[in-house]
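Here is a colleague's note to read beside the model. Please keep the structure open while you go through the points.

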Amino acid sequence: MMQESSISINNVSFSYEGYEHIPLFSNLHLEVPKGSHMLLLAPPDSGKSTLARLLCALVPKYQAGTFSGSLIVGGKDVTESEPWELTDICSLVCQDPQEQLLMTTCKDEIAFPLESLKVDKPTMERRVKESLKSWNLHHVGEANPQELSGGERKRLLLAVTEAIAAPVLILDEPFDDLDAYWRGELINRIQTSNSTVLVMASRYINEFHGTFDRYGLLLDRHIEVESEEDIVMRFETMCDAAFAPSKIEHLATHAHKICCEHVVALHPRKSMGELKPFTLHCDKFHLESEEIVALVGPNGSGKSTFSRALCGLDEVQSGTFSYDDAQVERKHLQRIVGYVFQNPDFELFLPTVKDELMWSIKNDLRKSKDEKESLVATCATMFGLNLNATVATMGYGMRKHLQAAIHYMLNRPFYILDELDSGITYAAAFEMVTLLKSRGAGILLITHDRSFAANLAERTYTMSKGTLIAEAFE
Amino acid sequence: MADNTNHSRQSSKVALKISLVAILTAVVVVFTMVPKIATPVVKGYISLCDVVICFAAFLFGPWVAAIAGGLGSALADLLGGYAQWAPFSLIVHGLQGMIMGCIALPTKKKNQTTLNTPVWRMALAGVVGMVVMVAGYYLTASLFYGFEPALVEVPLNLLQSGVGVIIGIIVAKSTVLAYPPVLSFMR
Amino acid sequence: MTTNMFIAGKGWLYTLDSRAKLIGLLLFCIQVFLPMRQIGVWFLVLLSIAVAIRSVGWAQAFSPLRMVFPVLLVMLMFVPFTYRDGDSMFIIGSLTIATRESILQFSKFASRFIAITYLCILFFWTTTMATILATLRWFGLPYRQSLVITLAFRFVPFIAEAFKMISDSHAMRESTYGQKVHKRNRIKDIMPTVTAALVFSLKSIPNLAMSLEHRGFGRSNVRTTFRSLETNRSLFTHCALSVIICVLFWILFHS
């Protein structure tokens, strides 16, 4: 007897409007039986978020494109449904909670879909209370989700999902922002859940081992389902290939050094859970040209505060910064250290790649227009960018490349890369770091992924509860 | 296997309209409260709220600009502690948005890639909007502290509005160039 | 940036039903513009300050005064010069600085302004945003409009933070190393930030619409309500109390 399928993807093809020649999916097939828990590994930019949205009838409604095939979720034909018809059938947890949050209090966030489902008030109140408690958010019930930490927001979305209690759950990178304890909790809840769960991830973490009963790989527009060992091995091989030795020429430059001593800075309160803002302490830190130094630490530990102080964006309460052994003022730090924000969209505002790159060197009066154009063209080729591509249509990975290229053009002696590895492949991240380093810059890599740091950095600093500590050289 | 290219795109654009108005309202609030440019005199500072109202009017028409402008500046007044100005801001900026949107009514052509409202039309809308805003606030201020003292605010409001219109026209064009999908949000 | 105006405090104003508070606020604001004896309006001002002290404490209670101070200063500068009839009150040499009439006018405008400031601020200090929206909906505000307001409040802190980061990132980008720092042109400098901030906000629109529909918005025109205000006897008592206080005020102080 054939087991009833909860998720049935049959011969699905999809391509974005205007990009029919590079389809996102080609004849995709996947059957997830009812009650099954599946892990779908997919490298970044492979379309997993679009797939998740396809399953919820949000695409092609909100992202124009050509779609063909059959999608059946929880017994309902998705291609013939409006998104609201699937509210109680299929729940999605997005990778970025900010894309999903709607309301101004946590309780309202959970109540909103229940109101849509016309649940009566007493039942609603009970379900809201229970799901808040279940994810340890009952003390922030009336708080604004914007004042919560990243992990708490993720848990809030998971609480919403629990309150709706839909038979199909699609979780896109749910483990991303969670700390070790909650990762374990989520694993437990997935294992004991009666619903059909589809987890999408772009990194394999140890907790996945033995948790799921199905493993799949989304690669080259197809999905392949195999045993756990096979899938994991193939995925790891893909990731390891990233760290190939660099073949980029190094240009001889001056050597510079930046130091900070006895820096004390105020760390702004990020979460309701913290009673008062704590102070950041850094006794000794230094970074030299052509060095890659990593700064690791859990989310909210103060890495951003330190970085913002180092590049001169924020004031410090006490301490000194010195550049080439001469004390330097905050204003000058901005010209010495380039800060590559985690979100590339903060920097981009011009129509094409060429416009953005030209903007970066517009203040350089020593070069002629032709020299600037050839510099821009070389830079674009190095970073794999098409000069005439429009920024609005570029995917996340390419926008990150553009952001790196912009900073390359700025030619700063030092760069701070904030969580560069999130949302892109290891290979791409490695390439960007190498390219930025090729002009002799010193790099400070901020990450919470220790293996990424270990593979790239020569020295590591740890941020723990506001104190910067140098790790012993192995 | 059905080809569902245009399936369900005709049905219910309410969510998109609500989202558009809500986010533009939030942008008005932020632009009014965050960038503080001039010295604090009577009302406090010149803000960039006129920039957003122009932007909304040039791109989305009278209704969106009226609601985003009116509601947004009223909320900004509430949050800033100037609650007594809120109902008046609602009316003045609401009217400003509506009139500007009517004059510079955006056209809805298929496959439009740029904002093709002529600059003179946007400038005219901007100037009329300026008059509405300055006159409106003058009347409000005279209600609170008399006709003559209220004149103090007029030059400052003119400056704010004028700067807002100029930036608004430039920004409307540059935003469409930087992010063409915005044209598909137009009704 | 916080969108929360509510201050947790104590006092009867917190227990008064929000609908009664809204009615009281409106009635008092209208009254203040009607012909009233000066003493009445100033009494209202003192009463409001007293209630503020009781509700939120001494430190916070005087913050509205600090905010209206610039306005009062302008009034002080201009009102005496506009109303020049009547007996002279302040004279320096042969120049009349202020007449009796102008002082009365100043008193009228100042008291009115301060009174309204306090009344409005007390309302927002003692009522949570969620309750205010529920009150408006009770009075008939359609669901869609209240949703727009809630969504706007949800996005204000998000966009404000993004604006700050965008502004920082462009400031960093513009810093030139080794070049002479030339005078910055204000308008040209904020263009990239403003454009990037607008694009950033516009990109959130489809995500918001998707999330709304995914969570069931549009499923039906009928929705249940999580936060609804009850209609019961105490509501009537509270509203009556509100109205009675206003009417009493009018009887005592109208001119």
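This is a predicted model: local features need pLDDT of at least 70, side-chain atom pairs count only at pLDDT 80 or more; totals for chains, interfaces and linings use all residues.

1. **Chain A, overall make-up.** Start with the elements. Chain A has 13 helices and 20 strands. Its C-alpha trace spans about 75 × 55 × 40 Å along the principal axes.

2. **Chain A, radius of gyration.** Does the value agree or disagree with that of a compact globule? For 474 residues, such a globule would have a radius of gyration near 23 Å. Chain A has 24 Å, so the value agrees with the rule.

3. **Chain A, burial and contacts.** Of the 474 residues in chain A, 48% are buried. Now take the contacts in chain A between residues at least 6 apart in sequence. Of these, 72% join residues at least 24 apart.

4. **Chain B, overall make-up.** Chain B has seven helices and zero strands. Its pattern along the sequence reads α-α-α-α-α-α-α. Buried residues account for 55% of its 187 residues. Among contacts in chain B with a separation of 6 or more, 72% are between residues 24 or more positions apart.

5. **Where chain A meets chain C.** Here 47 residues of chain A are in contact with 43 residues of chain C. Which elements of chain A each supply at least two residues to this side? They are helix H2 (106-116), helix H3 (121-134), helix H8 (330-336) and strand E16 (337-340) of chain A. H2(A) gives the most, with six residues. By class, the side of chain A that touches chain C has 24 nonpolar, twelve polar and eleven charged residues.

6. **Where chain C meets chain B.** This contact takes 46 residues from chain C and 45 residues from chain B. On the side of chain C, four stretches give two or more residues: helix H5 (63-82), helix H6 (100-126), helix H8 (143-174) and helix H9 (186-214) of chain C. H9(C) gives the most, with 14 residues. This side of chain C has 36 nonpolar, eight polar and two charged residues.

7. **Helix H1 of chain A.** Look at residues 48-55 of chain A, which form helix H1. This helix is mostly covered, with seven of its eight residues buried. The buried ones are A:Lys48, A:Ser49, A:Leu51, A:Ala52, A:Arg53, A:Leu54 and A:Leu55. Note that A:Lys48 and A:Arg53 are on that list. After H1(A) comes A:Ala57, which has a positive phi, near 65°.

8. **A helix pair in chain A: geometry.** Two packed helices are described by the angle between their axes and the distance between the axes. Take H3(A) and helix H4 (residues 150-164) of chain A. They pack at an angle of about 135°, and their axes are 9 Å apart. The crossing of H3(A) and H4(A) is right-handed.

9. H3(A) contributes A:Arg127, A:Val128, A:Ser131, A:Leu132 and A:Ser134. H4(A) contributes A:Ala159, A:Glu162 and A:Ala163. By class, the contact of H3(A) with H4(A) has four nonpolar, two polar and two charged residues.

Definitions and conventions:
Residues are numbered from 1 along each chain as its sequence is written. Chains are lettered from A and ligands numbered from 1 in the order in which they are written. The radius of gyration is taken over C-alpha atoms; the globule rule is 2.2 Å times the number of residues to the power 0.38. A residue is buried if 20 or more other C-beta atoms lie within 10 Å of its own, exposed if 12 or fewer, and partly exposed in between; C-beta atoms are placed from the backbone. Two residues are in contact if their C-beta atoms, placed from the backbone, lie within 7 Å. Ala, Val, Leu, Ile, Met, Phe, Trp, Tyr, Cys and Pro count as nonpolar, Asp, Glu, Lys and Arg as charged, and the others, Gly among them, as polar. Axes are lines fitted to C-alpha atoms, for helices over the stretch in contact, and angles run from 0 to 180 degrees between N-to-C directions. A crossing is left-handed if the near helix is turned anticlockwise from the far one by less than a right angle, and right-handed if clockwise.
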